[in-house]
Amino acid sequence: MQSDILVPIPSTAWEQLRDLYRQDWPRHEIAYYTIQNYIRWTERDPHTSTTLIVYSLNGSWWETGTYIIVDHTDVFMYTLEPTEDTLRRMLCLLDWHHSYLMNMCLYRDAVVNAYRLHRLAIAFDSVDVIYRVPHHVALQFRYELPPGLTLRRIAPHYARFIHNQWLNKTVGTEYFIERLLRWNVSMGLFCERSREPLAWCIRSQNGALGLLGVVAQGKGYGSLVIKAFARWLAEQGHSTYASVRHTNMATRRLLEKLGFCVVGEASWLKNMKSRFDGTELRKAITS
């Protein structure tokens, strides 16, 4: 029997892969927009493909729609297969000598199983709640800008400022933020008397709101930015998603007050690099 291998999906097939997820929305909405994000990125900058791989198992991506995207050290994965068997087999084949961040992952058990097989220590493990507000609801959002404040897209040169405010920053975080600001939409609240934003939010690779930040607490700036951003996305025909840590009750209450509803759970997982000898591991995978 032929051994499983990870096969990159050529960029010429990404639109076909994306369109497999044009079903059962909103269930597969995030999977669709994750692929669309990278289609758009590579169109804008072909050099993106040098650090980006979209994997399938044995090249048969059209059978179950299963894919794993490795973007530097960020990983996104989805499947249409109820058993998740193809995804589990793919995870076993990743090069775990790298440390990956599993972004808003819906398949925690499959990832943890791969960690166990590769004897990987877990560096980070957070269970989040996924919130969604449909575009027809967000179109009704109303907000009023205080005098002297404006809303606008955040320029890439603010990446360092946002990086310095972020509690979860690690090596490479500033570059990650700069890429999102350069290629994805964002919303910043600015004051005429200050060069830095008072509040901000950026759309992440899978379309969810990310990196929500506020300089001055208690002024309603976070709520204002979320409403403005969700309203703008709704005008483009998109629903708005957000991933919030279970214990972050302040943000959860804010989203629920605005009309966001819980639609599921996701995990953010990061592994330590593997030091496991591959000989024994290959025997375990093929057995």
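The model is predicted, so local features need pLDDT of at least 70 and side-chain atom pairs count only at pLDDT 80 or more, whereas totals for chains, interfaces and linings use all residues. Residues are numbered from 1 along each chain as its sequence is written, and side-chain values use heavy atoms, with hydrogens and water left out.

I begin with the cores. A nonpolar core is a set of buried Ala, Val, Leu, Ile, Met, Phe, Trp, Tyr and Cys residues joined through side-chain atoms within 4.5 Å; buried means under 20% relative accessible area with a 1.4 Å probe, protein chains only. The largest such core holds 61 residues, and Tyr67, Ile68, Met77, Leu91, Trp96 and Met102 have the most contacts inside it. Helix 2 (residues 29-44) supplies its largest share, 8 residues; helices are DSSP runs of H or I, at least four residues, and strands are runs of E, at least two, numbered from the N terminus. A second, separate core of 27 residues includes Tyr131, Leu149, Leu209 and Leu224.

I turn now to the cavities. On a 1 Å grid over the protein atoms alone, a cavity is a set of points where a 1.4 Å probe fits but cannot get out, and lining residues have an atom within 4 Å of a point. Volume is the space filled by probe spheres set on the points, which are joined across faces, edges and corners. There are 2 cavities of 30 Å³ or more.

The largest contains about 40 Å³ of space, and helix 2 gives the most to its lining, with 3 residues.

Technical notes: Buried < 20%, exposed > 50% of the residue type's maximum accessible area, 1.4 Å probe, protein only. 1 Å grid on protein atoms, 1.4 Å probe; cavity = no way out; pocket = protein on both sides within 12 Å on 5 of 7 lines; lining within 4 Å.
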